[in-house]
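Colleague: I am new to this one and would like a friendly tour. Could you take my questions in turn?

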Amino acid sequence: MRAPLLPAVIAFALWATACAGTTTPRVAPGPPPAWPRPPAAARLIFERSLPDPDRPDQRSGFRRVVDAILGLEPGAGEPVLVRPFGVAALPGAVYVADPDAPGVLRADLASGAFEPVRCRDGEWGAPMAVTIGPGGVVYVADAGLAVVVRIAPDGRCDRWGSGTLERPTALALLGERLYVADPPRHQVVAYDASGAEVLRFGARGDGDAGFNFPTGLAAAPDGTLLVIDALNYKVKRFGPDGTLLSSFGEAGDDGGRFSRPKAVAVDAAGRIYVTDTQRGLVLAFEADGRFIYAAGGIGDGPGQLSMPAGVAIAGDLLVVADGQHRRVETYRFTGDRP
């Protein structure tokens with residue numbers, strides 16, 4: 001009978017561990033990618049990915065060798081993120097809505113550690129968007145449950161819009177109201193602080209006549225609401241009462257045109273940032289819709305994107321949900337700060 005293999009594996013592992021006391025030094029990285037590209041002055045610099053692909057391997061040398069012999073990948077197991085879609089940013093933290101996990105997570109920017117955000121009394125369906133209100137209240141648009149979930153700081157949850165929302169996918173807090181995009185119904189719905197519906201506007205239409213799958217929302221510093229009207233290829237600006245004030249955008253795959261606009265964020269100066277899923281870009285515009293520059297680009301390198309979705313801003317940090325890469329990318333504004 002052949003002797004068991006495991007003792008031989010362990011003996012080899014012990015020998016290999018003794019030889020593994022040193023590692024090949026990491027090549028010093030070059031400067032981080034920045035946009036717009038030279039000779040223009042940089043306005044946005046890539047900072048880091050979450051989870052960090054270069055985080056140290058915490059396994060012992062013995063464990064690494066045994067895993068290699070047994071064909072186990074380093075860090076094998078469930079990914080931290082499956083398909084990050086919605087993001088919210090605060091100083092020191094990023095919140096991520098992941099519909100395929102399904103779950104909502106909070107990432108600490110100092111440590112890079114993720115922790116789940118849960119309701120005490122329920123499970124997630126397909127969370128698509130997240131935003132943070134005063135006092136640390138968390139709001140989640142759950143397309144699978146067809147509701148907005150309000151999570152109090154003590155973990156208690158309320159569900160808004162049951163029976164009146166079909167597939168909520170975007171959120172924005174503007175004044176005392178929470179605005180929700182419901183793409184299949186081509187509408188935006190607003191709720192007051194108690195969860196009562198106070199406004200509903202929109203219907204399917206072309207151009208500025210209506211919506212064609214609104215997918216992104218953002219509150220602007222001037223008190224207006226920006227809406228990504230995805231299949232009309234426009235960013236539309238509304239008053240708090242749902243009155244259309246202006247719009248910009250057209251279909252295309254170059255410059256500031258839109259191929260598949262998904263989400264929107266606004267900085268303190270009113271500049272507008274739109275993710276284009278198909279082009280793998282974040283497109284930056286002045287408040288009046290004039291195109292400034294594009295950042296990111298399709299690829300697997302630092303700061304590059306694959307199927308980007310949600311975008312958020314906190315201070316001088318811009319955060320993007322990089323769906324197909326299963327990560328969140330962070331960028332730092334420089335020079336002309338927000």
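Colleague: Thanks! Leaving aside its neighbours within four places in sequence, which residues is Thr 131 in contact with?

Modeller: Good place to begin, and keep in mind that this is a predicted model. Thr 131 sits in strand 7. Once the neighbours within four places in sequence are set aside, its contacts are Ala 88, Val 137, Val 138, Tyr 139, Leu 171, Leu 173 and Leu 178.

Colleague: Is Thr 131 buried or exposed?

Modeller: A residue counts as buried when its relative accessible area is under 20%. The value for Thr 131 is 15%, so this residue is buried.

Colleague: How much space lies in the largest pocket, and which residues are the closest to its centre?

Modeller: The largest pocket holds about 590 Å³ of space. Its lining is made of 31 residues, and the closest to the centre are Val 87, Val 130, Thr 131, Leu 171 and Leu 217.

Colleague: Let us step back to the whole chain. How many helices and strands does the protein have?

Modeller: The protein has 338 residues, and buried ones make up 49% of them. Its surface exposes about 16,000 Å², with 54% of that supplied by carbon and sulfur atoms. As for secondary structure, the count is two helices and 25 strands.

Colleague: Where does Ala 101 lie, and is it buried, partly exposed or exposed?

Modeller: Ala 101 is in the loop between strand 4 (93-98) and strand 5 (103-108).

Colleague: Which cysteines form a disulfide, and where are they?

Modeller: The count comes to one disulfide. Cys 119 and Cys 157 form it, with sulfur atoms 2.0 Å apart. The pair links distant parts of the chain, 38 residues apart: Cys 157 is in strand 10 (residues 157-160), and in the loop between strand 6 (114-117) and strand 7 (127-132) is Cys 119.

Colleague: Are these two cysteines buried or exposed?

Modeller: The cut-off for buried is under 20%. Cys 119 has 10% relative accessibility, so it counts as buried. At 9%, Cys 157 is also buried.

Colleague: Which kind of aromatic pair do Phe 201 and Phe 238 form?

Modeller: The structure holds 11 aromatic pairs. In the pair of Phe 201 and Phe 238, the centres are 5.1 Å apart and the planes 45° apart, which makes it tilted. Phe 201 in strand 14 (residues 197-201) and Phe 238 in strand 17 (residues 234-238) are 37 residues apart, so to speak a link between distant parts of the chain. The kind you asked for is tilted.

Colleague: Which residues form one aromatic cluster?

Modeller: The cluster is made of phenylalanines. Its members are Phe 248, Phe 258, Phe 285 and Phe 291.

Terms used: Residues numbered from 1 in each chain as written. Predicted model: local features only at pLDDT ≥ 70, side-chain atom pairs only at ≥ 80, totals over all residues. Heavy atoms only, no water. Helix = DSSP H or I, 4+ residues; strand = E, 2+ residues; numbered from the N terminus. Buried < 20%, exposed > 50% of the residue type's maximum accessible area, 1.4 Å probe, protein only. Areas by Shrake-Rupley, 256 points an atom, 1.4 Å probe, with all protein chains shown as cover. Phe/Tyr/Trp six-rings, centres within 6.5 Å; stacked < 30°, edge-to-face > 60°. Disulfide = S-S within 2.5 Å. 1 Å grid on protein atoms, 1.4 Å probe; cavity = no way out; pocket = protein on both sides within 12 Å on 5 of 7 lines; lining within 4 Å. Points joined across faces, edges and corners; volume = space filled by probe spheres on them. Contact = heavy atoms within 4.5 Å.
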